[in-house]
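Here is a short tour of salt bridges and of a contact between domains. Please have the structure open beside the text as you read.

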Amino acid sequence: MFSAVYACALFAGAALAHGDVTDETYTNPVLWLDLADIDVFRVNETYYYSASSMAYSPGAPVLQSGDLVNWEFIGHSVPYLDFGDPTAYSLEDGEQAYVRGIWASSMRYRESTGLFYWVGCVDFNQTYIYTAPDAAGPWDLASTIDTCYYDCGLMFDEDDSIYVAYGNRNISIAKLNEDLQEESVTRIWNATFYLEGARLYNINDTYYVLLTEPASWEWTLKSTGGIYGPYELEILANRTASPIDESGFPHQGGIVDTPEGDWYYLAFIDAYPEGRVPALSPIYFDAEGWPRLPSNDSFAVPNKYPVEPVRVESVLGTDCFEGPSLDPKWEWNHNPDTSAYSFAECGGLILNTATVTDDLYHARNTLTQRIIGPEGTATIEVDISSMQAGDVAGLSLFRDNAAYIGIQDGTVFLQRDLALGEDWNTISTGTREATASAKDASCIWFRLHANVAPASDYLGTFSYSLDGWNFEQLGTPYEMNTTYFFFIGYRQVFSTMAPSTIPTSTSVVESAVIRAPLSHVWHYIKLQDFSKFWSAVSKSEFAKGASEETDIVKWTFKDGTVLEVKQEEHSTINHYITYSVITSQPELSYTSVVSTVRCYAVSSGALEGSTFVEWTGNFSSDADASVIQDAKFKRREALADLAKVAEKK
């Protein structure tokens, strides 16, 4: 197993995300990104957009805009998918949660508390409510309700009462108390045809519930007699013309007003293989109070900006993973193993292999991003110098049918026709179509170009480069599917995985150059002093009953692990210390390990006056790959900690 450093990722598209015609008008889609089940609302002069994310984590992406056209990602309402099935939502023990998780949820701001609220039903079982003082977070779980508010719409009424509209075909409104628990439920509509996607509003003392008849019509329930009705039903969008060739029709979503009192409808359009993309149209209210589109092609023609345009940073561009956290446009496939990734000091994302598998659908810490349509290109630079035999790193075109370009044992390859089947379990890990040599390469660039528009050829083309400039196509382009059953569209995915548990080596060697004199660094290399620099160790002390002459020291780690280590050799002349682990709680999964920390003075060159530190570990042959990986990671962490302390002295 290994650490792959994803140094930089570059994203390019064929057009700007919102496709401006002039500074006064916009065209649809306002974002060529898969952001479905829209909820939209305004707080003062800022608009917020909440969307579905299924089993991607963190969940429920939040976007922000100053004009309803130009949007930027600012966070997620659900920081971790903690829904009572941790094994599945974390891709553990062969379980998975594809096509589960977060869909058709709702988000609003409550002025009386100064909090943002997110509410959503998960697994057709329970409803979760998260709150935050800022739409960007941090978000915390505030309530769990033992009722599924299916396709729900949250509203805080004029008297600050809390209501949630929900249901499919039969529509109900739940009233919540101040503890965010259900107080009552009232059925308001029994439909003769299928309806879902509720959005609830009180506009000038008239109550509205927007509902969709998937995936072609949008309906409005209207009541002037109070929140519980009686309601009437009228059509809002009737197979309205789409701005995207060969796509579905604008539907679902929500309505929102500007500070000047103009109203807009933000819907989404089924546009696979990209997914479901947002489109914006003005609306008005007729003499009887019904919301209406100005024409049946209002989504398909240029429209005047709702307000003065407010530009945001483009979704195109380069991300060099400078930390300390990921940009909110990124989401993991299921919950990540947070101990198995980190940020390099000089930029770059370190992905330590978190899963022993040859199945990409079950590889943890797979990092995803939506593809920018109508055609998008992603290029990633990968430092592969720490890869070991058998391990894989790559770039994928990811959905229920998938393909990826990867590198393994110095060979670049194209793996195609990965597939999920019944209950979204893997039925194929793919076949290897083409290969190329990258022997002796320490860095490689992968590129994916994807035509994701519905009227395109649906092809994804993979290429690679050994210098970052000259790219070579590998294999034949992969044809994406356009079915809706997986709901989420295709994504570009970065991944690492280890097909075998057999370690390629039972030795670990990690090193670092510390910009401090040898005497400063060597000062800390005493077993009883390791807690003075190693942040993972809370206490290092001589073992109870042992004397300084026996050289047995107890290390207590912050995760609860306790090791007793014995000094085997020590040289103040040659500046090294060798130690072994003699006891461990919990018990070791292998027989033995002997480690050495050795320091050298750098006597010439640009780093003269610095110290080169090498930390080795020789494990017994029964140590598996996870042990070796963990040892490498901990030594790297400890060397970084040592540098911070020694350089300050």
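## Salt bridges and a domain contact

A network of salt bridges links Asp39, Arg108 and Arg199. Please keep in mind that this model is predicted.

Let us look at one pair of that network. Aspartate 39 and arginine 199 meet through their side chains in a salt bridge, at 3.4 Å from N to O. Aspartate 39 sits in strand β3 (residues 39-43) and arginine 199 in strand β16 (residues 196-203), so this pair ties together parts that are 160 residues apart in sequence. Are these two residues buried or exposed? Both aspartate 39 and arginine 199 are buried.

The count for the model comes to 24 salt bridges.

| Pair | N to O distance |
|---|---|
| Aspartate 39 and arginine 199 | 3.4 Å |
| Arginine 110 and aspartate 160 | 3.0 Å |
| Lysine 554 and glutamate 541 | 3.9 Å |
| Glutamate 92 and arginine 364 | 3.2 Å |

Now to the second pair in the table, where arginine 110 and aspartate 160 form a salt bridge. It links distant parts of the chain, with arginine 110 in strand β8 (residues 106-110) and aspartate 160 in the loop between β12 (153-156) and β13 (162-166), 50 residues apart. Arginine 110 has a relative accessible area of 2% and is therefore buried, whereas aspartate 160, at 25%, counts as partly exposed.

Lysine 554 belongs to strand β42 (residues 552-557) and glutamate 541 to strand β41 (residues 537-542), 13 residues apart. Lysine 554 is partly exposed at 28% relative accessibility, and glutamate 541 is partly exposed at 30%.

Let us turn to the domains. The domain assignment gives domain 1 (19-304), domain 2 (317-497) and domain 3 (507-647). The C-alpha centres of domain 1 and domain 2 are 31 Å apart, and their contact takes 39 residues from domain 1 and 43 residues from domain 2. About 3,500 Å² is buried between domain 1 and domain 2, and carbon and sulfur atoms give 60% of that area.

How many salt bridges are there between domain 1 and domain 2? The count is one. There are also 20 residue pairs in polar contact between domain 1 and domain 2. On the side of domain 1 that touches domain 2, β7 gives the most, with four residues. The residues of that side divide into 22 nonpolar, 10 polar and seven charged.

Terms used: Residues numbered from 1 in each chain as written. Predicted model: local features only at pLDDT ≥ 70, side-chain atom pairs only at ≥ 80, totals over all residues. Heavy atoms only, no water. Domains from an automatic or database assignment. Contact = heavy atoms within 4.5 Å. Buried area = accessible area lost by both parts, 1.4 Å probe. Salt bridge = Lys/Arg side-chain N within 4 Å of Asp/Glu carboxyl O. Polar contact = N/O pair within 3.5 Å; in protein donor to acceptor, adjacent residues only side chain to side chain. Helix = DSSP H or I, 4+ residues; strand = E, 2+ residues; numbered from the N terminus. Nonpolar A, V, L, I, M, F, W, Y, C, P; charged D, E, K, R; others polar. Buried < 20%, exposed > 50% of the residue type's maximum accessible area, 1.4 Å probe, protein only.
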